[in-house]
Every structure is written in structure tokens, then in C-alpha cells.
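Hello,

Here is the structure I promised to pass on. My notes follow below it.

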Amino acid sequence: MTQLDDMDREIIRLLKRNARLTIAELSEQLNKPESTIHFRIKKLIEKGVIDRYTILLGEDMIPKKTAIVVIQAETPIIEDFLERYTNHLMRTLSMMANVLMVAKSGKDTVIAIIGGENEDKLDEFINENIKTLPTLKNVYVYPIDKFGKGKELVNLLAEV
């Protein structure tokens with residue numbers, strides 16, 4: 001992992017909050033010359049610390065309710081098919097609009113973050129689209145009531 005000093009961290013913090021800040025605005029907020037800010041940002045890009053600039057969607061565009069769903073696949077008779085099936089589950093879930101994130105954990109478990117307009121729509125989506133998938137051993141649903149950190153992640157993952 002790349003080592004960052006306090007100024008690099010501060011530049012990143014400000015840009016994460018508002019990627020549209022100009023070099024002049026950053027310079028003013030950090031009380032540093034524009035040339036220093038420009039050089040630092042250039043180096044952060046070259047090192048791969050900054051990959052790209054993006055936007056966050058407005059409140060109307062992001063899911064109001066989210067849940068973490070943990071899916072355990074049934075172990076098939078031929079155990080070699082388990083990895084293929086979990087990969088199939090990941091691809092299937094990835095194509096669903098309400099599915100914000102999909103990851104695999106271990107041999108038989110797929111974890112997804114699901115979003116919906118409200119709690120009823122979220123439950124309906126999970127019941128009709130996830131719990132009905134074939135050969136599942138267990139589906140655990142953990143509704144998210146409140147974020148302590150990382151609410152912006154839902155915004156970044158939401159698709160239009």
C-alpha cells in the first residue's frame with residue numbers, strides 16, 4: 001500500500017467530498033501554492049492512488065433501503081460443480097438491477113448488497129428473485145437500519 005503524508009490525505013479527503021474542486025480552490029483551502037497541489041495530484045494519479053474522478057447520485061436516485069444477503073448454495077452430488085454453480089449465482093445476481101454488489105466467500109457462499117425503494121419493495125425483490133433461485137441451502141437477510149460508516153458506498157454502487 002502506498003504511503004501518504006498528511007497533505008496527500010487532505011487533498012484526497014477534499015476531492016472525495018467534491019471532485020469538482022479546482023486546483024485554485026484546493027490551494028486556497030489547504031493554504032499551499034497551486035503548483036504544489038498540481039504536482040501532488042499528478043503524483044497521486046501516477047502512483048495509482050487516484051484512479052478516476054466520479055460522481056455521487058442524488059438522494060432520489062439511490063436506494064432508500066438496503067440489506068446484506070448471504071446465500072449458501074447446496075453442495076451438489078458432484079462437488080466439482082459447486083464452484084461453477086456459485087460463479088453462476090454471482091453472474092445471475094450481477095445482472096439484477098437491485099443488486100448493488102456481489103462477492104464470493106468460501107466454497108459455497110455468495111454475499112450481496114441489495115437495494116430497494118422501501119422495505120416492502122426490498123422484501124418483495126428478495127423473496128421473488130433471490131429466494132427462488134434453485135439449489136440454495138440457506139438465504140440469510142440482514143436489513144441495514146443505520147450506517148455508522150460507508151453510506152456513500154451504496155451511492156457509488158447504485159446504477160441508473
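Are Asp51 and Arg52 buried or exposed? Asp51 is exposed, and Arg52 is exposed too. Please keep in mind that this is a predicted model. The two side chains form a salt bridge, with 3.1 Å between the closest N and O atoms.

**Salt bridges**

The count of salt bridges comes to seven. Another of them joins Asp8 and Arg40, at 2.9 Å from N to O. Asp8 sits in helix α1 (residues 6-17) and Arg40 in helix α3 (residues 34-46), so this pair ties together parts 32 residues apart in sequence. Here both partners, Asp8 and Arg40, are buried. Asp5 also belongs to this picture: Asp5, Asp8 and Arg40 are linked in a salt-bridge network.

Next, look at Asp108 and Lys137. Their side chains meet in a salt bridge of 3.8 Å, N to O. Asp108 lies in the loop between β2 (99-105) and β3 (109-116), while Lys137 lies in strand β4, so the pair ties together parts 29 residues apart in sequence. Asp108 counts as buried because its relative accessible area is 17%, under the 20% cut-off. Lys137 has 38% relative accessibility, so Lys137 counts as partly exposed.

**A buried lysine without a partner**

Lys65 deserves a look. Lys65 is found in strand β1 (residues 65-73). Lys65 is buried, yet has no salt bridge. What is the nearest side chain of opposite charge? That is Asp145, 4.3 Å away. A salt bridge needs the nitrogen within 4 Å of the carboxyl oxygen. Side chains of opposite charge can pair when their charged atoms come close.

Which residues does Lys65 touch, leaving aside those up to four places away in sequence? They are Ile114, Gly115, Gly116, Asn118, Glu119, Leu122, Ile144 and Asp145. Two of these, Glu119 and Asp145, come up again in the next section.

**Surface patches**

Glu119, Asp120, Asp123, Glu124, Glu128 and Asp145 form a negative surface patch. Asp145 is placed in the loop between β4 (136-144) and α6 (151-157). With a relative accessible area of 70%, Asp145 is exposed.

Ile68 lies in strand β1. Why does Ile68 count as partly exposed? Because its relative accessibility is 30%, and partly exposed covers the range between buried, under 20%, and exposed, over 50%.

**Asn155**

Asn155 is in helix α6. Its relative accessible area is 9%, so Asn155 is buried. Asn155 touches Leu56, Leu57 and Ile62, not counting residues up to four places away in sequence. The C-alpha atoms of Asn155 and Pro63 are separated by 8.1 Å, although the two residues are 92 residues apart along the chain.

**Where to look**

View the network of Asp5, Asp8 and Arg40.

Best wishes

Key: Residues numbered from 1 in each chain as written. Predicted model: local features only at pLDDT ≥ 70, side-chain atom pairs only at ≥ 80, totals over all residues. Heavy atoms only, no water. Patch = residues over 30% accessible without salt bridge, like charges linked within 9 Å, V, L, I, M, F, W, Y side chains within 5 Å. Areas by Shrake-Rupley, 256 points an atom, 1.4 Å probe, with all protein chains shown as cover. Lys, Arg positive; Asp, Glu negative; His and termini not counted. Charge placed at Lys NZ, Arg CZ, Asp CG, Glu CD. Helix = DSSP H or I, 4+ residues; strand = E, 2+ residues; numbered from the N terminus. Buried < 20%, exposed > 50% of the residue type's maximum accessible area, 1.4 Å probe, protein only. Contact = heavy atoms within 4.5 Å.
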